[in-house]
Amino acid sequence: ALRPPLKTVPLPLKLAGGLFLFATSVPPQLKTQAAALAQQAQQALRADPIVTMELGAGVEVGGVFASAASDDGSGLVINCQLSGGNVWAECTAFGVATE
């Protein structure tokens, strides 16, 4: 599947409207797939020594700011919040459904 284009949200809106964005950024039919992708991203980030050096060993993927799906629904891109120690960051993860 081709990576679907993701329209990102400007940082001031992310900071001001995070809770609203977290509740509305993923369509209901993709919430399960987005949660699975976020979990896999979290595992990969925790296994990366550079990420854990910068953000700490307990990196957590938080709310999703924006998402996009391919036309056939097999590809999903999420832009989400990362938390680790006293640091906040964001990441973009792309996943392809194999089932």
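This note goes through the predicted model point by point, from the overall fold to single residues.

1. Basis of the note. The model is predicted, so local features are described where pLDDT is at least 70 and side-chain atom pairs count only at pLDDT 80 or more, whereas totals for chains, interfaces and linings use all residues. Residues are numbered from 1 along each chain as its sequence is written, and side-chain values use heavy atoms, with hydrogens and water left out.

2. Overall fold. The protein has 3 helices and 3 strands, and reading along the sequence gives the pattern α-α-α-β-β-β. Here helices (H or I, at least four residues) and strands (E, at least two) are DSSP runs, numbered from the N terminus.

3. Surface and interior. Of the 99 residues in the protein, 38% are buried, where buried means under 20% relative accessible area, exposed means over 50%, and partly exposed lies in between, using a 1.4 Å probe and protein chains only. The accessible surface comes to about 6,100 Å², and 59% of this surface belongs to carbon and sulfur atoms; such areas come from the Shrake-Rupley method with a 1.4 Å probe, and for residues only the protein chains shown count as cover. Among contacts between residues at least 6 apart in sequence, 47% join residues at least 24 apart, a contact being heavy atoms within 4.5 Å.

4. The sheet. The 3 strands form an open sheet in the order S1-S2-S3, with antiparallel pairing; two strands are said to pair if DSSP finds at least two bridges between them. Strand S1 (60-69) and S3 stand at the edges with a single partner strand each, so one side of each is left without a neighbour in the sheet. From one strand to the next, the twist averages 25 degrees.

5. A helix on the sheet. Helix H2 (residues 31-47) packs on the sheet and touches S1, S2 and S3, and its direction makes about 50 degrees with that of S2. For such angles, axes are lines fitted to C-alpha atoms, for helices over the stretch in contact, and the values run from 0 to 180 degrees between N-to-C directions. Gln42 has its place in helix H2, and Gln42 is buried because its relative accessible area is 13%. Leaving aside residues up to four places away in sequence, Gln42 touches Val59, Glu60 and Val61.

6. The pairing of S1 with S2. These two antiparallel strands are joined by 7 bridges, and they form a hairpin with 5 residues between them, where Gly73 in the turn has a positive phi of about 80 degrees. Val61 stands opposite Leu82 in S2, and Ala68 stands opposite Val77 in S2. Ala66 also lies in strand S1 and counts as buried because its relative accessibility is 6%. Although Ala66 and Asn79 are 13 residues apart along the chain, their C-alpha atoms are separated by 5.2 Å.

7. The pairing of S2 with S3. Strand S3 (residues 87-96) runs antiparallel to S2 and is joined to S2 by 10 bridges. The hairpin formed by S2 and S3 has 2 residues between the strands, and Gly85 in the turn has a positive phi of about 60 degrees. Val77 has Phe94 as its bridge partner in S3, while Gln81 has Glu90 as its bridge partner in S3.

8. Asn79 lies in strand S2 (residues 75-84), and Asn79 counts as buried because its relative accessibility is 2%. The side chains of Asn79 and Glu90 are joined by a polar contact of 3.0 Å. A polar contact is a pair of N or O atoms within 3.5 Å; within protein, one must be able to donate a hydrogen and the other to accept it, and residues adjacent in sequence count only if both atoms are side-chain atoms.

9. The cysteines. How many disulfides does a search of the whole structure find? The search finds 0 disulfides, a disulfide being a pair of cysteine sulfur atoms within 2.5 Å. Cys80 counts as buried because its relative accessibility is 0%, and Cys91 counts as buried because its relative accessibility is 13%.
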